[in-house]
Each structure stands twice: as C-alpha cells, then as structure tokens.
Amino acid sequence: MTFASTSLPRHLLRGALGFGSLIAAFALLPAVGPASLLLLPVTLLAFRGCPTCWVIGLLETISRGKLQRDCVDGQCKLTTAA
C-alpha cells in the first residue's frame with residue numbers, strides 16, 4: 001500500500017486542507033458550537049486516515065523516482081535511480 005500522491009503540489013494541497021480543517025474545527029468551536037466538528041471528516045479524507053499517513057505519503061512522494069529496489073535471485077537491494 002502506498003500513501004504517495006501523484007505530485008508534490010497535490011500532496012501539499014491535501015495537507016493544507018487537512019490541517020486547515022482540523023484547526024478550523026477547534027477554533028470555531030466557541031463561535032459555532034459542536035457544528036464546527038463537522039469539519040473533522042474533511043480532515044480524515046484529506047489525510048487519508050491520519051496525519052501520520054499524510055507524513056508517510058509526503059516522504060514517499062518526495063522519494064518517488066529517486067530510489068529503486070532491485071531483486072535478483074531472492075536478494076533485494078535498494079539503489080539510487082540513475
């Protein structure tokens with residue numbers, strides 16, 4: 001399973017949406033009341049589950065194309081793509 005996005009700007013946009021809706025959900029709590037907590041599902045969708053999953057996806061998105069796994073005769077090694 002991969003958490004990477006197709007592009008870095010798209011992944012960062014998902015992060016901004018996720019963190020923005022998370023902060024807004026709690027910041028608007030005194031003004032709007034419990035209705036502001038309806039923003040929490042937006043956070044979960046943007047993060048694809050959790051903030052940790054988003055960070056793992058960010059690392060995978062950044063490293064995509066830079067590392068390559070080669071497996072020969074049951075032994076695998078990680079090399080940099082040339």
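Trainee: In which helix is T43 found?
Mentor: This is a predicted model, where local features need pLDDT of at least 70, side-chain atom pairs count only at pLDDT 80 or more, and totals for chains, interfaces and linings use all residues. Residues are numbered from 1 along each chain as its sequence is written, and side-chain values use heavy atoms, with hydrogens and water left out. Helices here are DSSP runs of H or I, at least four residues, numbered from the N terminus. T43 sits in helix α3.

Trainee: Is T43 buried or exposed?
Mentor: Buried means under 20% relative accessible area and exposed over 50%, with partly exposed in between (1.4 Å probe, protein chains only). T43 has 5% relative accessibility, so T43 counts as buried.

Trainee: Which side chain does the side chain of T43 make a polar contact with?
Mentor: A polar contact is a pair of N or O atoms within 3.5 Å; within protein, one must be able to donate a hydrogen and the other to accept it, and residues adjacent in sequence count only if both atoms are side-chain atoms. At 2.7 Å, the partner is the side chain of S21.

Trainee: Which residues of α1 are buried?
Mentor: Look away from the exposed face first: P9, L13, I23 and A27 are exposed there, on the face turned away from the buried side. The buried ones are H11, R14, G15, G18, S21 and A25.

Trainee: How far apart are the end C-alpha atoms of α1?
Mentor: The expected span is 1.5 Å times one less than the number of residues. With 20 residues (8-27), α1 should span 28 Å, and the distance agrees: 28 Å.

Notes: Helix = DSSP H or I, 4+ residues; strand = E, 2+ residues; numbered from the N terminus.
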